[in-house]
Amino acid sequence: MEKTRTWLMRYGRPLEAARWEFLFEEGSKERVIRHLEAFQNEDGGFGHGLEPDFWLPGSSSTATVTAGQILLEIGASPGDGIVQRLVSYLTDTPQIQPGIWATVLAENNLYPHAPWWHWEEGVQKSWMFNPSVELAAMLIHWSAEGSPGADLGWESLGRAVARLLEAGEMDRHEVQSYRRSLTLLSSRRAQFEDRTGYSLSEAEAKVDTLVLAAIDRDAASWGDGYKTLPMEFIQSPADPLYPELKDLVLQNLRFYLDQRNAEGVWNISWSWGQYPAEFAVASRYWQGILAVERYKILKSFKGECHDQSMASLWAE
């Protein structure tokens, strides 16, 4: 990990450096918050390229859910100012249809962005409840029961679950958003059914079915483009799907370790095909993000490396 750390401190954003220190070096959550606040706007939402594939400075649901994921990672509390402002942004921002905050904004088109973040009429159909279902869960998690934030969160979540249970197939990123939201609310089973009218177990089972359908099981092809790997969903041995997919997950572990470049980080597997100068910057930011997120996952699986060949992959 030392090579990776050196690269990250030298070339990564201060935010990812602070996350690395928090996760692996007993760094403070306050330092992470300080760097994350640089991306927060006066309305409480986030922008300014926090998600490096679009550089809209204004607030968006997509950049805001990215911030929320980081805040959950560090255990931010409802009393933290950055969280309170995020909650206010969500309660104050109109939804474009019941349960859905706009995923892509028309203003995206004014700034460098990847093609999949380009706005056009009807684009929300491609995104549906990604990331709104996750934002709804965050509202519930960080809001007092009976507050406007919690009520909006439960109302939005109910609509998202109705969509989930009716869906025959779903984009991998929307599945990820659903899975993260259900995990966040896993301790609220009785409340979940009372507030949404649906069983949390039923929703979890449907998401697991979609996960199993989404995962690319051809490990030999994982290096060819942008594939759905098992560790995108299964990020610790405690995951309920891990026993069923253990062999494939350990292949993914080996793949991640083998794919590090000479500097100890990963090259990204996608490109914009436009804005070449800005994409060069974004790809460097993504390398820092992947370094943090993949080592966080790899750390959780380190105890699974029992055989000599797998254990040797951890030698630095």
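**Exercise 1.** Locate Pro131 in the chain, and state which peptide bond joins Asn130 and Pro131.

*Solution.* Start with the position: Pro131 sits in the loop between α6 (124-127) and α7 (132-142), where helices (H or I, at least four residues) and strands (E, at least two) are DSSP runs numbered from the N terminus. Then turn to the bond, which is a cis peptide bond between Asn130 and Pro131, with omega at about 5 degrees.

This is a predicted model, in which local features need pLDDT of at least 70, side-chain atom pairs count only at pLDDT 80 or more, and totals for chains, interfaces and linings use all residues. Residues are numbered from 1 along each chain as its sequence is written, and side-chain values use heavy atoms, with hydrogens and water left out.

**Exercise 2.** Determine where Met128 lies and whether it is buried, partly exposed or exposed.

*Solution.* Met128 also belongs to the loop between α6 and α7, and it has a positive phi of about 50 degrees although it is not a glycine. Its relative accessible area is 21%, so Met128 is partly exposed, given that buried means under 20%, exposed over 50%, and partly exposed in between (1.4 Å probe, protein chains only).

**Exercise 3.** Summarise the secondary structure and the burial of the protein.

*Solution.* The protein has 14 helices and zero strands. Of its 316 residues, 53% count as buried.
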